[in-house]
Amino acid sequence: MRGLLLIPGPTPLHPRVRQALGGDAIAHTSAEFREAFLELLDMTKRLFLSSKGRPVVFSGSGTVGLEALVTSLLRPGDEVLSLEAGYFGKRFTLLARLHGARVTAVEARGGRGFSAEELRELLARQRYRAVLMTHVETSRGVESPLPELVKACKEHGVLALVDGVCSVGACEFRFDDWGVDAAVTASQKGLAGPPGATLLMLSEEAAAYIEGRRDIPSYYLDLARWLKVMEDPRIYLSTPTTHVLLAVNVALKVALGEGLETRWRRHEMQARALQRALERMGLALVAEPGFRAHTVTAFYAPGGSAGELQGFLYERMGLYLAQGMGEEKEKLLRIGHFGNIGRREIYQAVSLLGQALRAKGHGVALEEALGGLLEELAAVPEPPA
């Protein structure tokens, strides 16, 4: 059964991206693929808004990209601070610990992210080599003020390593201007491409450090090897997922063609409209005001039965939402609203969710929610046609 897919990735594909996935097989050593890959690297720099940084794109999930960061930029024994706002922040901590870093993990309170003041207090207590931070915590719909957090890192001479998997391509992200040292995203989120590619950006200093290392304990996750491939894609390190990377090339053209600032504004406007509609229906959002993400919204399932409601929505309504993660699996439902998701899908999601809640015996102010939502969505730009 296919229906309306509104999860935090994968997200619906643009017709041009689907067409790229359906083409004939292509040799990874061909001039055609090399040209498309070099174009992809150039667009990755534009995506991150970096003229100075070094892009790295290779086959794998966002998780692979994050593990490559900690493997290549951290050594065993390095003191690292990890800001955890949910499940994926905890996993960033785990990746660093698995590779030998001495991680001090700090957990955010409730539905909050971290403020720059909180980070400065933490950095004043101890000397760290790096701070791990998640721009948008996918598990809870929490967005932290990344520019201010990175600025605090720069004041203390600490590397800012960013999980941008659920933000880049849909939320404002200025790699050079903000002074980010390294950041990772994935193809199936804000870019609205197929799963299977990780896109990284490294500052000049981070890239130089990696290229100077001779002790990175991995083959595939060694970014020094991948940096050489980025200079000459004909170098064989591992067979790339050619169809995925060609499709990501097209997804980037669609995203950049919309204009990054227009894209950021569209995501913010439709996120705020959706979140207000959910609250008007009487649902409790997980993220507190000031920390609500532009790409994913989490809310508490009435009655604490997220799995039952998720199944009902899909089987009866054709709407696929995501459950919470880890210990919060049965407490939360999450709506992904990025990429090619637009006004029509947002309105349908609220309508179907309200109908499902009523069918399950929950009194919700659906008409009030839809009336306000329709008015707010009228001002939201449409996704690229």
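Colleague: At what angle do helix α11 and helix α14 pack?
Modeller: About 165 degrees, with the axes 8 Å apart; axes are lines fitted to C-alpha atoms, for helices over the stretch in contact, and angles run from 0 to 180 degrees between N-to-C directions. This is a predicted model, so local features need pLDDT of at least 70, side-chain atom pairs count only at pLDDT 80 or more, and totals for chains, interfaces and linings use all residues. Residues are numbered from 1 along each chain as its sequence is written, and side-chain values use heavy atoms, leaving out hydrogens and water.

Colleague: Where are those two helices?
Modeller: α11 covers residues 260-280 and α14 covers 366-377. Helices (H or I, at least four residues) and strands (E, at least two) are DSSP runs, numbered from the N terminus.

Colleague: Which residues of α11 and α14 make the contact?
Modeller: Among them are Leu274 and Ala277 of α11, and Gly372 and Leu373 of α14. Contact means heavy atoms within 4.5 Å.

Colleague: OK, the sheet. What's the strand order?
Modeller: β2-β10-β9-β8-β5-β3-β4, an open sheet of 7 strands with mixed pairing. Strands pair if DSSP finds at least two bridges between them.

Colleague: Which strands stand at the edges?
Modeller: β2 (54-59) and β4 (102-107); each has a single partner strand, so one side of each lacks a neighbour in the sheet. From one strand to the next, the twist averages 15 degrees.

Colleague: How many bridges join β2 and β10?
Modeller: There are 6, in the antiparallel sense. Val57, for instance, has Leu199 in β10 as its bridge partner.

Colleague: Which helix lies across β2 and β10?
Modeller: α8 (residues 204-212), running at about 105 degrees to β10.
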